[in-house]
Structure formats: structure tokens, C-alpha cells
Amino acid sequence: MEITDDFLKNIGKKLKETRLEKRYSLKEVAYTIGVTPTHYSSIEACKVIPRIKVLLKAVQFLEISLDNMIFGYPENDVKDVPIFERLKVINELKGEDRTIALQLLDLIIAKKTLKEIVGNYKPVPPEFLKKK
């Protein structure tokens with residue numbers, strides 16, 4: 001992937017979009033990640049390129065992945081939009097609701113895995129079980 005000015009400008013744009021989506025103030029993000037509001041504003045306005053340490057703190061605080069920040073949001077590659085929309089809702093849940101939703105997903109995945117294991121199971125022929 002070639003790094004261009006547009007690529008770098010998208011970082012600031014995505015940080016701002018995410019901050020607004022999550023309803024954080026600019027000052028709240030700036031102080032939490034250890035920069036001044038003026039500096040963070042410059043990052044969002046694409047006037048400066050953030051240092052990697054600052055970018056990592058920002059994506060951690062905003063609860064987004066660095067790969068999505070740099071390479072784009074997964075919506076671009078989504079084949080099953082209804083599932084993706086539901087996952088976005090789960091991602092926004094907090095506390096016990098989020099924990100329960102993730103546990104339910106884990107149970108469904110475990111059920112699928114178990115079915116695959118059992119489906120591939122071949123019983124031992126009785127003649128191998130006889131004592132000699």
C-alpha cells in the first residue's frame with residue numbers, strides 16, 4: 001500500500017468521526033491521551049501527523065482497532081450486512097449486556113465447533129474393542 005497525503009489525512013478524519021460517534025469532547029480525548037486540545041485538534045484537522053504513541057493511545061481510548069484506522073473500516077468488505085450491523089450494536093454495548101452478548105456468541109461458536117468434531121467422529125469398530 002502506497003502512503004499518500006490522502007492516506008495520512010484519513011487518519012485525522014477517522015479519529016474525528018469516531019470521537020463524534022462516541023460522543024466524546026475533543027478536550028476529553030486530548031487530556032486522556034496526554035496531548036493538548038490544540039494539538040489533538042490539529043491531528044483531527046489533518047494539519048499534523050500523530051506520533052505512533054499518540055495514535056495508539058487515541059485508538060485505545062476510542063476503542064477502535066489500529067488496522068481499521070489505517071486500512072479502512074470493515075464495512076467495505078462485508079458480505080453479510082445484517083450480521084455486520086448486529087455486531088456493530090454489540091460493539092456499542094457496555095457492561096453486563098456486552099458480556100452476555102459475547103458469551104452468547106461464544107456459545108454459538110462452540111456449538112458449531114462441537115458439531116464439526118462430532119460430525120467427523122468415526123466410532124471405533126466393535127472388533128477393536130474386544131478383549132484378547
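Two residues are in contact when heavy atoms of one lie within 4.5 Å of heavy atoms of the other. With that in mind, look at the whole chain before selecting anything. In the protein, 51% of the contacts with a separation of 6 or more are between residues 24 or more positions apart.

**The whole chain**

This is a predicted model. Colour it by pLDDT. The mean for the protein is 83, and 84% of the residues reach 70 or more. Confidence is highest in helix H2, residues 26-33, with a mean of 96. It is lowest in helix H5, residues 66-71, where the mean is 71. Where pLDDT is low, the predicted coordinates should not be read in detail.

Now switch to a cartoon view. The secondary structure consists of eight helices and zero strands, so the pattern along the sequence reads α-α-α-α-α-α-α-α. Of the 132 residues, 21% count as buried.

**Stop 1**

Select Arg19, which is in helix H1, residues 5-21. Is Arg19 buried or exposed? Its relative accessibility is 8%, and it counts as buried because the cut-off for that class is under 20%.

Show the side chain of Arg19 and that of Glu44. The two side chains make a polar contact at 2.7 Å. Leaving out residues up to four places away in sequence, Arg19 touches Tyr24, Ser25, Leu26, Val29, Tyr40, Glu44 and Leu62.

Select helix H3, residues 37-44, next. Which residues of H3 are buried? They are Pro37, Tyr40, Ser42, Ile43 and Glu44.

**Stop 2: Arg23**

Go back to the loop between H1 and H2 and select Arg23. Its phi is positive, about 60°, although Arg23 is not a glycine. Most residues other than glycine have a negative phi. Arg23 counts as exposed, with a relative accessibility of 75%.

**Stop 3: a network of salt bridges**

The protein has five salt bridges by the rule used here. Select Lys22, Glu63 and Lys94 together; these residues are linked in a network of salt bridges.

Start with Glu63, found in the loop between H4 and H5. Glu63 is partly exposed, with a relative accessible area of 45%. Its phi is positive too, about 55°, and Glu63 is not a glycine.

Display the pair Glu63 and Lys22. They form a salt bridge in which the closest N and O atoms are 3.8 Å apart. What does this pair tie together? Glu63 is in the loop between helix H4 (52-61) and H5, while Lys22 is in the loop between H1 and H2, so the pair ties together parts that are 41 residues apart in sequence. Lys22 counts as partly exposed, at 28% relative accessibility.

Then display the pair Glu63 and Lys94. In this salt bridge the closest N and O atoms are 3.3 Å apart. Lys94 lies in the loop between H6 and H7, so its pairing with Glu63 ties together parts that are 31 residues apart in sequence. Lys94 is exposed, with a relative accessible area of 54%.

**Stop 4**

Select Glu116 and Lys112. Their side chains meet in a salt bridge at 2.3 Å, N to O. Both residues lie in helix H7, four residues apart, which is about one turn of the helix. Glu116 is partly exposed, with a relative accessible area of 39%.

**Stop 5: a nonpolar patch**

Keep the surface on and select Ile83, Leu87, Leu102, Leu105, Ile108 and Ile109. These residues form a nonpolar patch on the surface, with about 530 Å² of accessible area together. Helix H6 (81-92) and helix H7 (95-119) are the elements that give two or more residues to the patch. Which of them gives the largest share? H7 does, with four residues.

End on Ile108, which lies in helix H7. Ile108 is exposed, because its relative accessible area is 57% and the cut-off for exposed is over 50%.

Methods:
Residues numbered from 1 in each chain as written. Predicted model: local features only at pLDDT ≥ 70, side-chain atom pairs only at ≥ 80, totals over all residues. Heavy atoms only, no water. pLDDT = per-residue confidence, 0-100. Buried < 20%, exposed > 50% of the residue type's maximum accessible area, 1.4 Å probe, protein only. Patch = residues over 30% accessible without salt bridge, like charges linked within 9 Å, V, L, I, M, F, W, Y side chains within 5 Å. Areas by Shrake-Rupley, 256 points an atom, 1.4 Å probe, with all protein chains shown as cover. Salt bridge = Lys/Arg side-chain N within 4 Å of Asp/Glu carboxyl O. Polar contact = N/O pair within 3.5 Å; in protein donor to acceptor, adjacent residues only side chain to side chain.
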